[in-house]
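Okay, thanks everyone. I'd like to walk you through one structure today, and we'll take it in two parts. Have a look at it first.

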Protein chains: 2
Amino acid sequence: MAGKNSFRNHSERKLLVLVDMDQVLCDFEMRLLQEFQSRHPNDPFIPLEERRTFYARDQYAKIRADLADNIRDIYNSEGFFRDLPEIPGACDAMKELKEMEGVDVFICSSPLTSYEFCLKEKFQWIEEHLGQEWLDKIILTKDKTVANGHVLIDDRPNIKGAIRKPIWEHVVFTACHNVHSDIRGKRRLDNWTDGSWRDLILDLQMRV
Amino acid sequence: MAGKNSFRNHSERKLLVLVDMDQVLCDFEMRLLQEFQSRHPNDPFIPLEERRTFYARDQYAKIRADLADNIRDIYNSEGFFRDLPEIPGACDAMKELKEMEGVDVFICSSPLTSYEFCLKEKFQWIEEHLGQEWLDKIILTKDKTVANGHVLIDDRPNIKGAIRKPIWEHVVFTACHNVHSDIRGKRRLDNWTDGSWRDLILDLQMRV
């Protein structure tokens, strides 16, 4: 985490906010579980409150190896990413963020290695839920350390990549799988509905 | 252009090289012209040595408005991006770059607003021409100023976006449309075949 107290490495005077998609804007876990229960009604499942790993398939694999394959088949299916429900309040918050003075916002998402559907469907989701002008605000990258911004709001507790000390501060968006995780002193954002995201942005803006 | 003489804003000790796709790795202009001539054999065309604008459709529009639409229809077609020929030597250079000590390389490409085919086909091109492991090295973004690296090798003479002073130095990859452009003191890379890219990288590495 770079620049917890200041953004010395940044020449930018606007606050550049990077926001992850899955589990921050889109409810990946809920849809995955619903689809799993629908496709495999007789198999054991992991309720959301018992999800612990970043990748659902890792936790399902510990129950039975074939369940991990079933999980992967679901998110590799056509329509999965396009039809993800919204995390409550996410799109209204994004639109408000975009209008805030001195703020610029980008969506920073990591596509699946199986890219048959997810690339296009991520764009479709953004177009449908936020509007066509947001297509210019999408950064798709497996390695988020090479994205440039003051803050990255992302549910993955540990984000690693080519750059050892990313330029952004990582704020962990609370999700079922990370609520018990050790986030090593990072800040959390728990939701888009209680207004705390505005306090976070105002605090970050004071350091730009 | 940030850090022409030093990379003071970067905490990274490896040289991070960002490389554009169209007209740097993939020969967009040649294929566009060939397809235009094939589809519209009786219409006037612009030979590559007379191309002057970054967007081909802008130059075709000056000849006749409908030609610009024909140009757009071609690059919006299924298969256009997937089947682009390679710029000579590009893939060998990328593979060699990736193996160089103290260098990390990413592909930084801007997708079309009409994303129906181009997102997936850019990934297909990389997978086919460079290999599956390179899928982890792709950054798709309309705004390249939010990509983080020491250098961006890109044929577009002027790259603008949310960040006024991008962290990278922009090296202009010479293309038919920019060969006569004023590149305002930026350096050029003319091709991937005469070995000059190695000199560029060695020079940049001395400043990391």
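So, how many residues of chain B are in contact with chain A? It's 36, and they meet 36 residues of chain A. Keep in mind that this is a predicted model. Between them the two chains bury about 3100 Å², with carbon and sulfur atoms giving 56% of that area. Which three residues supply more than any other three of the area that chain B buries against chain A? Those are Tyr115(B), Val146(B) and Asn148(B), and they supply 19%.

Now for the polar side of things. The rule finds 2 salt bridges across the interface of chain B and chain A, and there are 8 residue pairs in polar contact, both partners at pLDDT 80 or more. On chain B's side, the elements giving two or more residues are β2 (103-109), α5 (118-129) and β3 (138-141). The largest share comes from α5(B), with 5 residues. By class, chain B's side has 15 nonpolar, 9 polar and 12 charged residues.

Part two, the cores. The largest nonpolar core has 108 residues. Ile153 and Trp192, in both chain A and chain B, are the ones with the most contacts inside it. Take Trp192(A): leaving aside residues up to four places away in sequence, Trp192(A) touches Ile153(A), and its other partners include Val19(A), Ile87(A), Phe173(A) and Trp197(A). Apart from that core lies another, of 26 residues, and among them are Leu18(A), Cys108(A), Ile167(A) and Leu152(B).

Conventions. Residues are numbered from 1 along each chain as its sequence is written. Chains are lettered from A and ligands numbered from 1 in the order in which they are written. This is a predicted model: local features need pLDDT of at least 70, side-chain atom pairs count only at pLDDT 80 or more; totals for chains, interfaces and linings use all residues. Side-chain values use heavy atoms; hydrogens and water are left out. A nonpolar core is a set of buried Ala, Val, Leu, Ile, Met, Phe, Trp, Tyr and Cys residues joined through side-chain atoms within 4.5 Å. Buried means under 20% relative accessible area, exposed over 50%, partly exposed in between (1.4 Å probe, protein chains only). Contact means heavy atoms within 4.5 Å. Buried area is the accessible area (1.4 Å probe) that two parts lose on being put together, summed over both. A salt bridge is a side-chain nitrogen of Lys or Arg within 4 Å of a carboxyl oxygen of Asp or Glu. A polar contact is a pair of N or O atoms within 3.5 Å; within protein, one must be able to donate a hydrogen and the other to accept it, and residues adjacent in sequence count only if both atoms are side-chain atoms. Helices (H or I, at least four residues) and strands (E, at least two) are DSSP runs, numbered from the N terminus. Ala, Val, Leu, Ile, Met, Phe, Trp, Tyr, Cys and Pro count as nonpolar, Asp, Glu, Lys and Arg as charged, and the others, Gly among them, as polar.
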